[in-house]
Amino acid sequence: MKKSVFLGALTVAGLAAAAAAAGTVDDVKARGKLNCGVTTGLVGFAAPDANGEWNGFDVAVCRGVAAAVLGDPAAVEFVPTTGKTRFTALASGEIDMLARNTTWTFSRDVDLKFTFVGVNYYDGQGFMVPKDLGVSSAKELDGATVCIQTGTTTELNLADFFRSNNISYEPVPIETNAEAQQQYLAGACDVYTTDASGLAATRATFEDPAAHVLLPEIISKEPLGPLVRHGDNEWGDVVRWTLNALITAEELGVTSANIGEMAAGTNNPEINRLLGTEGTLGEMLGLDAEWAKRAIMAGGNYGEIFAKNIGEDTPIGLARGLNAQWTEGGLLYSPPFR
Amino acid sequence: MTDTSSQIAFVQKEPIPESPPPSTAAGPVKWMRDNLFSGWLNSLLTLAALWAIYVILSGTLPWLLNGVWNADSLAECREILNGKTGACFAVLAERWNQLLFGFKYPADLYWRPTLAFVLLFVAVAPVLFFDLPRKLLMFTALYPFIAFYLIWGGTIWSPIFALAGFAAWYMVFERLGKNSFVQGFFGGAAVAAIVWGIGSFITGAIAPEEPFLQAVPSRDLGGFMLNMMLGVTCVSLSIPIGIVLALGRQSDMPLIKIICVVFIEFIRGVPLITLLFVASVMLAYFFPPDSTVDLFLRVVIMITVFSAAYIAEVIRGGLAALPTGQYEAADSLGLDYPQAMRLIILPQALKISIPGIVNVAVGLFKDTTLVSVISMFDLLGMIRGPILASTEWNGVYWELLGFAALLFFVVCYGISQYSQWLERRLATDHR
């Protein structure tokens, strides 16, 4: 009897705690600001400009969510996190979501108890070599010296790749990307390897970027995406479908330029459902009907965000590659808005 | 006998006019012979040194003098330089405000931290140079509250009540401390706590919606300002705490001694970066999300605790260097413990400890850059994060890090020069 009362009290307490922990949507609305974790600075993905205004590919996701939930893409408190502080900041509730080029892995999802709501950038480890080396494939790199950041998954991936291809290499361990740039330019190593987006950003800073090539091999999978805490599925849905709305908008041809006329009603029912002129998708999400419209207007659809921050017209100059829509041979495939 | 005088062919009648010494025995030539070319080994070393200087200058001078100050991005810098060597100082010209104040401190409020910085010199002057009139110490006592109000803004009542608490503490100490130091100290602390409690209650009630100085949250602080704030606060807090710890470690009372020993040894056995991670990451788990202690305060506490432990050991060295006779002399004069410490032991022990304390202070000031690891944007954090991550300035390393090195060097060299002056000023022995 005593025991069951105790257990009952414990259950009630647990439920109350869960109820208190849930409702991030309401918390954000009450606060009037979205606390979004970003990196302390990564070229093209997140960095404040000369006026202290945050810009970048990951930042655009935060702004989209803020626009969907709060109606104002500027209502974001950007909380810069390092690779070491990011997960605790999210787990402790200091931030509502993390959009910080974080790779979706099994252990982060299951063991650290986070929910990855999707992938906004498919990255992978690549190689950069000087053009003079005359190498066109990573498999020709037998005996090369390779600049590699220590203590990262890239180090392990590299060892796996060279072993499975039965070729040898000599690692030059380095600590940071900045150091790697200097070492590579000074000729301390023939090859520099890290995530392909990072390689492109690094190459963009060289005096003569054309003298260096990225090899076609991508030797690892690095799906980067925004994540939230386990245990608040409503909030997870909001972030997930905001990201999907941006991707779907590109697929359906909804851009920040034509969204005004599209929102007046089109003869494509999915666009109408997305933009809230048909159906009650927003209501199901606990938001109003125009949530997705605002998210898209915040920075454009996925393609526009990509082109503006890291696309081929920017100094970083990343091609869409894997990050093209599924209709164009990429991996971006948003579930339907229905 | 002949008149010898008439046979002398020549007599010098007036003194020979002074002629300049031979050019090899005076002037720059002699100086060079003495100092630079006094032997074949020294000549060789001189030539080697000259060559090294030439190599360094020929490498750096074109880079410095050719520097580009007006450009919007690294690419534009390179365009202007057009293949010549030259620095891209344009990044400093564009981002100087971010380097000094962080990227979130409102630009129209820059005058506030600047004013606080200028007042800092007024405040520390009477502490550093004790020939200045002692009345100036009044301003020093007020300075922390003024600086707090200037930098953070917000309602003026919080610094006023904080000040009132300390004033009450001091008054109680004056009243009771004459009889018993301990009674005065802790009685004062209790009264101050009461004043602060009431003060925080009243402040909450009467704080205006629109304070006279716009409030700036701690998260918006950054740049070199953050390094200076952390450095100044932590050094000035950790010296008194370090003295107390050092005395506690020498105490005859076992409980106090054990507490101090455990504290010092534990803190010294843990790297600073670990303490900072505890401050920024672990503590977040223990507080509810809404009511955390300010991150700046958490970091100040951790750095202070860390440097206090080191300073305590430095001062213990000073105490140990005093001959037992000094302690006995104090006892024989009938002084009690606080008096003996204040009047006889500590003045001598602290004088001996100056180089060690300065060493810790300089190290601590440079250690404040470690906060960039817990995503606070101090000078180094600004460089490594936002500025190098902007598409315009990615790849500008030497200019930015050189600027940071220059700022830190100026401050650290200043501290070092002051300590040497202080040692000369306090020298009473016959070395």
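Helices here are DSSP runs of H or I with at least four residues, and strands are DSSP runs of E with at least two, numbered from the N terminus. The model shown in every view is predicted.

**Figure 1. The loop that holds Lys113(A) in chain A****.** Lys113(A) is found in the loop between helix 5 (106–110) and strand 6 (114–116) of chain A. Its phi is near 65 degrees, which is a positive value in a residue other than glycine. Most residues other than glycine have a negative phi. Lys113(A) counts as partly exposed because 13 C-beta neighbours fall inside 10 Å.

**Figure 2. The loop that holds Asn82(B) in chain B****.** Asn82(B) sits in the loop between helix 4 (74–81) and helix 5 of chain B, and phi of Asn82(B) is near 55 degrees, again a positive value in a residue other than glycine. With 7 other C-beta atoms within 10 Å, Asn82(B) is exposed, the limit for that class being 12 or fewer.

**Figure 3. Strand 8 of chain A and its two antiparallel partners****.** Strand 8 (residues 125–130) of chain A has 5 of its 6 residues buried, and it is therefore largely enclosed by the rest of the structure. Strand 11 (residues 191–195) of chain A runs antiparallel to strand 8 and is joined to it by 4 bridges, with Gln125(A) standing opposite Asp195(A). Strand 12 (residues 212–214) of chain A also pairs with strand 8 in the antiparallel sense, over 3 bridges, and here Pro130(A) stands opposite His212(A).

**Figure 4. The boundary between the two domains of chain A****.** The assignment divides chain A into domain 1, made of 21–122 + 224–328, and domain 2, made of 125–220. The C-alpha centres of these two domains of chain A lie 31 Å apart, and the contact between them brings together 8 residues of domain 1 and 4 residues of domain 2. On the side of domain 1 of chain A that touches domain 2, there are 6 nonpolar residues, 2 polar residues and no charged residues.

Figure 5. Leaving aside neighbours within four places in sequence, its contacts are Asp96(A), Asp232(A) and Trp235(A). Thr24(A) and Gly93(A) are 69 residues apart in sequence, yet their C-alpha atoms are 9.6 Å apart in space.

**Figure 6. The largest nonpolar core, seen around Cys36(A)****.** The largest nonpolar core has 167 residues, and those with the most contacts inside it are Cys36(A), Cys62(A), Val65(A), Cys88(B) and Val299(B). Helix 13 (residues 295–321) of chain B gives the largest share of this core, 15 residues. A second, separate core of 6 residues includes Ala116(B), Tyr149(B), Leu150(B) and Ile151(B). When residues up to four places away in sequence are not counted, Cys36(A) touches several residues, among them Cys62(A), Val76(A), Phe78(A), Asp96(A) and Ala99(A).

**Figure 7. The contact between chain A and chain B****.** Chain A brings 27 residues to this contact and chain B brings 24 residues. Three elements of chain A, strand 2 (47–48), strand 4 (76–81) and helix 7 (177–185), each supply at least two residues of the side that touches chain B. By class, that side of chain A has 10 nonpolar, 13 polar and 4 charged residues.

**Figure 8. Helix 17 of chain B and the helices that cover it****.** Helix 17 (residues 398–426) of chain B has 29 residues and reaches 41 Å from its first C-alpha to its last, which is close to the 42 Å expected at 1.5 Å a residue. Glu399(B), Leu400(B) and Phe408(B) are buried in this helix, and what covers its buried residues includes helix 5 (90–101), helix 15 (337–367) and helix 16 (379–387) of chain B.

**Figure 9. Gly356(B) in helix 15 of chain B****.** Gly356(B), placed in helix 15 of chain B, is partly exposed, with 17 other C-beta atoms within 10 Å. It touches Val314(B) and Gly317(B), residues up to four places away in sequence not being counted. Between Gly356(B) and Ile315(B) there are 8.1 Å in space, C-alpha to C-alpha, while the two are 41 residues apart in sequence.

Definitions and conventions:
Residues numbered from 1 in each chain as written. Chains lettered and ligands numbered in written order. Predicted model: local features only at pLDDT ≥ 70, side-chain atom pairs only at ≥ 80, totals over all residues. Core = buried A, V, L, I, M, F, W, Y, C linked by C-beta atoms within 7 Å. Buried ≥ 20, exposed ≤ 12 C-beta atoms within 10 Å, placed from the backbone. Contact = placed C-beta atoms within 7 Å. Nonpolar A, V, L, I, M, F, W, Y, C, P; charged D, E, K, R; others polar. Expected span 1.5 Å × (residues − 1). Pairing = 2+ DSSP bridges. Domains from an automatic or database assignment.
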